[in-house]
Amino acid sequence: MKRIPFLDSHTGGEPTRLIETLPFDLGAGSVADKLSRLKKDHDDFRTTVLNEPRGSDVLVGALLVEPADPTCQLGVIYFNNVGYLGMCGHGTIGLIASLAYLGRVHPGTIRVETPVGVIEATLHSSPLPEGEGLGVRAGKYPNKVSVKNIPAYRHLTHVPVTVDGKTIHGDVAWGGNWFFLCHDHGLDVNMSNLEALTDFSWRVREQFTANEITGANGADVDHVELFASTPEADSKSFVLCPGKAYDRSPCGTGTSAKLACLYADGKIVEGQIWKQQSVVGSIFEGSVQIEGKNIIPTITGEAWVMSEGTILVDERDPFANGI
Ligand code: PYC
């Protein structure tokens, strides 16, 4: 029986499963190298720890690995029900808050190597009194995290996509994953409309594949964001992830892509706070910094640890590696 401990958190409603124990070796090299080996030789690890019957389509895995970059304290690989993510904003907030809960990180800035570049996560000081009671399993831990992402940018502007005879438009942008960002979809972005939002976004994605519209270097545009206005924030969004689950959080990489488009359109200035609300009502705050020619987004949110346990893998179980 293999045993794999995990710690689950959620960030604005979107879950992250932190895993630190690997029953095999990913070898040396960068986090991108380790991801290539994980994908090629051990993809059943992903399905074992994340998919049904143990997990669900909504879960995102965060696998801690040794970073190659000597300036980084952590390395991480994010994955979901169908594959691997370049970066994950809600996942990074969940990762850092989980490590704070375990007493393994403290308020301050932590550099993290991801497969798509180095990010900086800042764990904010807890509003609780410092000292006694903070940290390891005390139930009190700092949980507010800002993630300074890799550079984000818009790749294509006002791309037309026709679904069921209706033509909509949107931008293709990078924020650590590839997104199609659309405003003129005409759908209600709220919880009572999840089925229609999911179905429409999925068909938009299919049109991207059919028409070979891609991100840079032929990359799959595998996340769709439908925006709407709300009195509670600057914008509200429904985000469909590659495995057809919607993001319960406002999506850190999706908000980064959005900020890059807003900046390119002159709709925000450097340092201006943008509040992005998810379809479930949770909010991330974001802003951009300009470094040379790069637009660098920072996303801030809170995560909450919610369960811990041990995955048991019995080789006799026909669904030991998930469904
Ligand atoms: O927060 O970046 C994010 C994210 C990507 C997919 C799900 N959440």
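This is a short tour of the model above, stop by stop, with what to select at each one.

**Before you click**

You're looking at a predicted model, where local features need pLDDT of at least 70, side-chain atom pairs count only at pLDDT 80 or more, and totals for chains, interfaces and linings use all residues. Residues are numbered from 1 along each chain as its sequence is written, and side-chain values use heavy atoms, with hydrogens and water left out.

**Stop 1: the ligand**

Select the ligand, then show the residues around it: C88, G89, H90, H223, C241, D247, C251, G252 and T253. Here "around" means that a heavy atom of the residue lies within 4 Å. Now look for polar contacts, which are pairs of N or O atoms within 3.5 Å (within protein, one must be able to donate a hydrogen and the other to accept it, and residues adjacent in sequence count only if both atoms are side-chain atoms). A ligand oxygen sits 2.8 Å from a polar backbone atom of G89, and an oxygen of the ligand is 2.7 Å from a polar backbone atom of G252. A ligand nitrogen is 2.8 Å from an N or O atom in the side chain of D247. How much of the ligand's accessible area does the protein cover? The answer is 99% of the 240 Å² that the ligand has on its own, with areas from the Shrake-Rupley method and a 1.4 Å probe; for residues, only the protein chains shown count as cover.

**Stop 2**

Helices (H or I, at least four residues) and strands (E, at least two) are DSSP runs, numbered from the N terminus. Is H90 buried or exposed? H90 is buried, at 2% relative accessible area; buried means under 20%, exposed over 50% and partly exposed in between (1.4 Å probe, protein chains only). Leaving out residues up to four places away in sequence, H90 touches T11, E14, P15, T16, V60, S249, G252 and F284, where contact means heavy atoms within 4.5 Å.

Next, select C251, in the loop between β13 and α5. C251 isn't a glycine, yet has a positive phi of about 70 degrees. C251 counts as buried because its relative accessibility is 4%. K244 is also found in the loop between β13 (235-240) and α5 (252-264). K244 has a positive phi too, about 75 degrees, without being a glycine, but K244 is partly exposed at 41%.

**Stop 3: the largest core**

Select Y78, L95, I96, F180, V204 and F238: of the 64 residues in the largest nonpolar core, these touch the most other members. Helix α3 (residues 89-101) gives the most to this core, with 7 residues. Such a core is a set of buried Ala, Val, Leu, Ile, Met, Phe, Trp, Tyr and Cys residues joined through side-chain atoms within 4.5 Å. A separate core has 20 residues, among them L35, V65, I77 and Y84.

Zoom in on F238, buried at 0% relative accessibility. Beyond the neighbours within four places in sequence, its contacts include V189, L194, V224, Y246 and V279.

**Stop 4: ring pairs**

How many aromatic pairs does the structure hold? There are 8. Rings of Phe, Tyr and Trp (its six-membered ring) pair if their centres lie within 6.5 Å; planes under 30 degrees apart count as stacked, over 60 as edge-to-face and the rest as tilted. Pick F24 and F45: their centres are 5.6 Å apart and their planes at 90 degrees, so the pair is edge-to-face. F24 is in the loop between β2 (14-19) and α1 (31-41), while F45 is in helix α2 (residues 43-50), 21 residues apart. For F238 and Y246, the centres are 5.8 Å apart and the planes at 25 degrees, so this pair is stacked. Ring pairs also link F24, F45, F79 and Y84 into a cluster.

**Stop 5**

Colour α2, where 6 of the 8 residues are buried. Those are F45, R46, T47, T48, V49 and L50. Then step along to the peptide bond that joins E52 and P53, which is cis, with omega about 5 degrees. P53 is in the loop between α2 and β3 (60-65).

**Last stop: A210**

Finish on A210 in helix α4 (residues 194-210). A210 is exposed, at 57% relative accessible area.
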